[in-house]
Amino acid sequence: MAELADVAHAAAEHGAEGQTVQEYITHHLSYLTYGKFPDGHWGLAHTPEEAVSMGFMSIHVDTMGWSLFIGAAFLFFFRYIGLRATSDVPSGIQNFVESIFEFVESQVNSGFNYKNPHVGPLCLTVFVWIILMNTMDLVPVDWLPEIAMAVGGLWGLEHMSFKVVPTTDPNITMGMSISVFFLILYYSVKNKGLGGFLSELAFHPFGKWMLPFNLIIEIPTLFAKPVSLGLRLFGNMYAGELLFLLISGLLGAYQLPAHFVWAVFHLLVVPLQAFVFMMLTIVYLNAAHEPAHGDH
Amino acid sequence: MDITLTIIGQSVAFFVFWWFCAKYVWPLFMNVMEERRQKIADGLEAAARAEKDLELAQAKSTDQLKVAKVEAAGIIDLANKRGSQIVDEAKDKAKEEAKRIIAGAQADIEQEVNRAKEALRAQVSAIAIAGAEKILEGSINQAANEDMLNKLASEL
């Protein structure tokens, strides 16, 4: 163990240019933040402390930027392929995109029992977008931040943080899960009526004489949906990223095989989490389309 | 956990991307899939139709074969009949011809016989005259005897 600590120490000293492992990891887990300083002016935060001082009125330029870039790239790429797609025997890249499309469509068809032409595109967007955002986790942890620091150095930001994996930012995952939550509310009210939706909360599962208990059960259940949806994705990806950082920060010269093993394992997590997010979205929206219980 | 404006940005991005996907991406692939599905369905239908057509054609051909066989049998029958008829006719003709030939030959023979008889008669009368001449030796009037000898010759 002492040996390992030595290695870790050496790695921390040399590999990360005098940073301790803790500093190294903290640096990697902070965001490039643009926001409103306590004194009222807007600007880029130069240190994590400044970023924290901005509070809510700030935006994570790195994760938000990657999220937008990845989403837009995916959609334009799919549109590019879609415009050139033929109904003859598909070949190469069209085949690949079509297989993704068919996979998502079959999941929607089997999990969603109502007619709503908007659910398919929603699930395709969510699935591919999240898969690609998660895949950023497989880019070696220092590559993009180092480039970013080199570029940032031109403007006096040589220590700037640059987080590459959008789904390790709870703002990103919760942003999506809250959007899904609004869709659940919207479709519930649209399909059951406001009364139907509220009566589901109030008179279910125990009938109208147990109304307070029903509310105690149903309201947390309702709000647990977006929270669990967003935090599950965030937690998995954050843990994965953290392990890559620990390997990178602690193991020094021995890190390559460890990176490889963890990356292989992570290769399972990346599509699985995207799939789980999509499937739960389908399940929640399906429940939102179910007719209201008539017997209460 | 530092919740910031990013959460709102991501929500907006979520709806914008969803809208883009629903309007500009999803229909493209939906149409391609639908077209392909239609093509495959058409192909299968055409194959089924072709199979049915084949069956129909086969049934038709066996029917026609049957009809043709019956017709052929009829034609062969007719030919046989006509053949035997021709043979019969030929036989009859031949018989008639033979009769005719035989009759002609008989007539010829009769004619020959008569001619031979005539010749013989003439020769016999000449021999008789010569014989009588020898016997009577010139005293006999040739003209007077001529009638008697002609009578004799016609009696023979």
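Trainee: How do the axes of helix α9 and helix α10 of chain A cross?

Mentor: Two packed helices are described by the angle between their axes and the distance between the axes. In this predicted model, the axes of α9 (residues 211-250) and α10 (residues 255-289) of chain A come within 10 Å and cross at roughly 175°. Angles over 145 degrees count as roughly antiparallel, and α9(A) and α10(A) are therefore roughly antiparallel to each other.

Trainee: Which residues make the contact of α9(A) with α10(A)?

Mentor: On α9(A), they include A:Leu229, A:Leu233, A:Met237 and A:Phe244. On α10(A), A:Trp262, A:Val269, A:Val276 and A:Phe277 are among them. By class, this contact has 13 nonpolar, seven polar and two charged residues.

Trainee: Is A:Phe277 buried or exposed?

Mentor: A:Phe277 lies in helix α10 of chain A. A residue is buried if 20 or more other C-beta atoms lie within 10 Å of its own. A:Phe277 has 26 C-beta neighbours inside 10 Å, so A:Phe277 counts as buried.

Trainee: Which residues does A:Phe277 touch, not counting residues up to four places away in sequence?

Mentor: A:Phe277 touches A:Val126, A:Ile130, A:Leu229 and A:Leu233.

Trainee: Which residues touch the most other members of the largest nonpolar core?

Mentor: In soluble globular proteins, nonpolar side chains tend to be buried together. Here the largest nonpolar core has 60 residues, and A:Cys123, A:Val126, A:Phe127 and A:Ile130 touch the most other members. Elements that each supply at least two residues of this core include α4, α6, α9 and α10 of chain A, together with α1 of chain B. The element that gives the most is α6(A), with twelve residues.

Trainee: At what angle do α4(A) and α1(B) pack?

Mentor: The angle is about 5°, and the axes are 9 Å apart. Angles under 35 degrees count as roughly parallel, and α4(A) and α1(B) are therefore roughly parallel to each other. Residues of α4(A) in this contact include A:Met64, A:Leu68, A:Leu75 and A:Phe78. They meet residues of α1(B), among them B:Ala13, B:Phe17, B:Phe20 and B:Tyr24. The contact of α4(A) with α1(B) divides into 13 nonpolar, seven polar and one charged.

Trainee: How many residues does the contact take from chain B and from chain A?

Mentor: The contact takes 27 residues from chain B and 36 residues from chain A. On the side of chain B that touches chain A, 18 residues are nonpolar, five polar and four charged.

Trainee: What is the radius of gyration of chain B?

Mentor: Chain B comes to two helices and zero strands. Its radius of gyration is 61 Å, well over the 15 Å that the globule rule gives for 156 residues, so chain B is more spread out than a compact globule. Its C-alpha atoms fill a box of roughly 195 × 25 × 20 Å along the principal axes. Buried residues make up 10% of chain B.

Trainee: What does the secondary structure of chain A come to?

Mentor: Chain A comes to ten helices and three strands. The box filled by the C-alpha atoms of chain A, along the principal axes, is roughly 70 × 60 × 45 Å. Of the 296 residues of chain A, 36% count as buried. Among contacts in chain A between residues at least 6 apart in sequence, 68% join residues at least 24 apart.

How values were computed: Residues numbered from 1 in each chain as written. Chains lettered and ligands numbered in written order. Predicted model: local features only at pLDDT ≥ 70, side-chain atom pairs only at ≥ 80, totals over all residues. Axes fitted to C-alpha atoms, helices over the stretch in contact; angles between N-to-C directions. Helix = DSSP H or I, 4+ residues; strand = E, 2+ residues; numbered from the N terminus. Parallel < 35°, antiparallel > 145°, perpendicular 65-115°, else oblique. Contact = placed C-beta atoms within 7 Å. Nonpolar A, V, L, I, M, F, W, Y, C, P; charged D, E, K, R; others polar. Core = buried A, V, L, I, M, F, W, Y, C linked by C-beta atoms within 7 Å. Buried ≥ 20, exposed ≤ 12 C-beta atoms within 10 Å, placed from the backbone. Rg over C-alpha atoms; globule rule 2.2 N^0.38 Å.
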